[in-house]
Amino acid sequence: MSEMKINRFFVLAFFMAFMGCAAPVVTETYRKYGLGKGGTDAAQSLQPIGVEEEKTIGGSLAIQVFDRYGGLYDNPELQRYITLVGQSLADVSDRPELDYHFAVVNSEHPNAFATPGGYVFVSVGLLRTLENEAQLAGVLGHEIAHITHRHALETLERNKKVAGFGALSVSMLGQSPDVFDKVIEQAAEIIFTYGLDKNLEYEADKMAAEYANRLGYNSGGLKSFLDILNKTQPGKDSVFLSTHPSPQDRLAELSGGASDNSKSLFAAEFKQATRGKL
């Protein structure tokens, strides 16, 4: 067994042991951020600017993900498996110190989201299109990269529609819940309706391949998922396509990057972990 595979084995083994009680913790964490539209209480409890502010914004948006996309998919074993793979990738990412939370939402439409601060979602419809764990790692790695590179926050900071956001501070949010509402509203439009700048999506694709490679997966997993997406054509009303560049464009951008296709796709592991759960 190669060194990378050995590392992956120990990481997965650790989280398999740890995640026996993780699903309820994840759920409770989301509930903690039940801010509602106003978000006043959370804004008043914000700490100095930094990770806590990012997590508060992301947590409020996470509630919207559940509201918009069918809620939590009712299969604790599948939730633990997605958390296991996702957390392992997060541990080799560029911001391993964040508290990450992974969830499968009960939507038939292929989709995946990330909100700032460590919240990652994938639909059960998307999981049904996957053939192996390397593809799953590519999808989750893409969303983790949006978080590690602060893509949504960077987009918000550039957007002048939110008055005063350029000078956004935690203390200002606490004193001005109306501004907090505007920040959440603007972030929701970016993540759920318009999507990020295509160059940020391309950067997330490249980082996803890098994270997968660091963990010992075949870095071509994301490419093969995009191939599937390109062939299945989810439809013009697909939120995934409206918030991401076309699969063809993403494949073209990825084709220029370095990749290591010598590592395993972990197809048997994926089938075993998802059998009877999708």
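1. Salt bridges first: counting Lys or Arg side-chain nitrogens within 4 Å of a carboxyl oxygen of Asp or Glu, I get 8 salt bridges. Bear in mind throughout that this is a predicted model.

2. Aspartate 99 forms a salt bridge with lysine 55, and the closest N and O atoms are 3.8 Å apart. Aspartate 99 sits in the loop between α5 and β1, while lysine 55 belongs to helix α4, so the pair ties together parts that are 44 residues apart in sequence. As a reminder, side chains of opposite charge can pair when their charged atoms come close.

3. On to the sheet. It is open, has 3 strands in the order β1-β3-β2, and its pairing is mixed. The edges are taken by β1 (101-105) and β2 (112-115); each has a single partner strand, so one side of each is left without a neighbour in the sheet. From one strand to the next, the twist averages 15°.

4. Which way do β1 and β3 pair? In the parallel sense, over 5 bridges, with β3 spanning residues 119-123. If you want a spot to check by eye, alanine 103 stands opposite phenylalanine 121 in β3.

5. Helix α5 (residues 76-91) lies across β1 and β3, running at about 140° to β1.

6. Now for helix pairs, starting with α8 and α11. Helix α8 (residues 151-158) packs against helix α11 (residues 198-215) at an angle of about 165°, and their axes are 11 Å apart. That makes α8 roughly antiparallel to α11, since the cut-off for that label is over 145 degrees. The crossing of these two is right-handed.

7. Who touches whom there? From α8 come His151, Glu154, Thr155 and Arg158, which meet Leu200, Glu203 and Ala204 in α11. By type, the residues of the contact of α8 with α11 split into 2 nonpolar, 2 polar and 3 charged.

8. The other pair is α12 with α14. Helix α12 (residues 221-232) and helix α14 (residues 247-255) have axes 9 Å apart and pack at an angle of about 155°. That makes α12 roughly antiparallel to α14. What is the handedness of the crossing of α12 and α14? Left-handed.

9. As for the residues in that contact, α12 supplies Leu222, Lys223, Leu226, Asp227, Leu229 and Asn230. They meet Pro247, Gln248, Arg250, Leu251, Leu254 and Ser255 in α14. The contact of α12 with α14 divides into 6 nonpolar, 3 polar and 3 charged residues.

How values were computed
Residues are numbered from 1 along each chain as its sequence is written. This is a predicted model: local features need pLDDT of at least 70, side-chain atom pairs count only at pLDDT 80 or more; totals for chains, interfaces and linings use all residues. Side-chain values use heavy atoms; hydrogens and water are left out. Two strands pair if DSSP finds at least two bridges between them. Helices (H or I, at least four residues) and strands (E, at least two) are DSSP runs, numbered from the N terminus. Axes are lines fitted to C-alpha atoms, for helices over the stretch in contact, and angles run from 0 to 180 degrees between N-to-C directions. Contact means heavy atoms within 4.5 Å. Angles under 35 degrees count as roughly parallel, over 145 as roughly antiparallel, 65 to 115 as roughly perpendicular and the rest as oblique. A crossing is left-handed if the near helix is turned anticlockwise from the far one by less than a right angle, and right-handed if clockwise. Ala, Val, Leu, Ile, Met, Phe, Trp, Tyr, Cys and Pro count as nonpolar, Asp, Glu, Lys and Arg as charged, and the others, Gly among them, as polar.
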